[in-house]
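I opened this model to look up side chains that pair with each other. My notes follow in the order I made them.

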Amino acid sequence: DLTQTALNDVRSTWGYMLEQGATTWWERLPMKPDASYCHAWSTHPTPFLSRHILGLTPLQPGWKVFSVRPSCCDLKSASGKVPTPHGEIEFKWTCDPKARRTQCELSVPAGTEARITNASGEARTLAAGTHSWEQ
């Protein structure tokens, strides 16, 4: 699994931008005089973090049905929001690697459903509302 490797790259490259005071994603490193300080090509950490760290993936158009499979890597927690036509999906998790437990809290927008799979492979569907569980 290359998720940890990608996360390390995000930390070193985009983390450096943040350390330099960036409020947008730069075009390139090292910066050159004609480079952009706000460039779409550098935004790929956003979908990476949403999909592979938070673990939110659309299964149907417009996020009508989506899956939830967080990946802790070496993180202790993560949280985020994903905008959809139905409203924001809000998700946060806290990982305890020693106990091999992850506490999850998810807000599912009206008109959508979430499919979660726990560590033992059991799948279930969550309807609209706020849900908490441990896996």
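I began with Phe-66, which counts as buried because its relative accessibility is 0%. Buried means under 20% relative accessible area, exposed means over 50%, and partly exposed is in between (1.4 Å probe, protein chains only).

Before going on I noted the ground rules. The model is predicted, so local features need pLDDT of at least 70 and side-chain atom pairs count only at pLDDT 80 or more, while totals for chains, interfaces and linings use all residues. Residues are numbered from 1 along each chain as its sequence is written, and side-chain values use heavy atoms, with hydrogens and water left out.

**Aromatic pairs**

I looked up the aromatic pairs and found three. Rings of Phe, Tyr and Trp (its six-membered ring) pair if their centres lie within 6.5 Å; planes under 30 degrees apart are stacked, over 60 edge-to-face, and the rest tilted.

Trp-26 and Tyr-37 are edge-to-face, because their planes stand at 80°, with ring centres 5.5 Å apart. Both residues sit in the loop between helix 1 (3-19) and helix 2 (45-54), eleven residues apart. Helices (H or I, at least four residues) and strands (E, at least two) are DSSP runs, numbered from the N terminus. Trp-26 is buried, at 9% relative accessibility.

Trp-63 pairs with Phe-66 in a tilted arrangement, 6.1 Å from centre to centre and with 55° between the planes. Trp-63 is buried too, at 16%.

**Salt bridges**

Next I counted the salt bridges and got four. A salt bridge is a side-chain nitrogen of Lys or Arg within 4 Å of a carboxyl oxygen of Asp or Glu. Side chains of opposite charge can pair when their charged atoms come close.

I checked Asp-74 and Arg-11, whose N to O distance is 2.8 Å. Asp-74 is in the loop between strand 2 (65-68) and strand 3 (77-84) and Arg-11 is in helix 1, so this pair ties together parts 63 residues apart in sequence. Asp-74 is partly exposed at 45%, and Arg-11 is partly exposed at 37%.

I then found Glu-134 bridged to Arg-101, at 3.2 Å, N to O. Glu-134 lies in strand 8 (residues 129-134) and Arg-101 in strand 5, 33 residues apart. Glu-134 is partly exposed at 44%, as is Arg-101 at 41%.

Last, I looked at Thr-102, which lies in strand 5 (residues 101-108). Is Thr-102 buried or exposed? Thr-102 counts as buried, at 9% relative accessibility. Leaving out residues up to four places away in sequence, Thr-102 touches several residues, among them Cys-72, Trp-93 and Glu-134. Contact here means heavy atoms within 4.5 Å.
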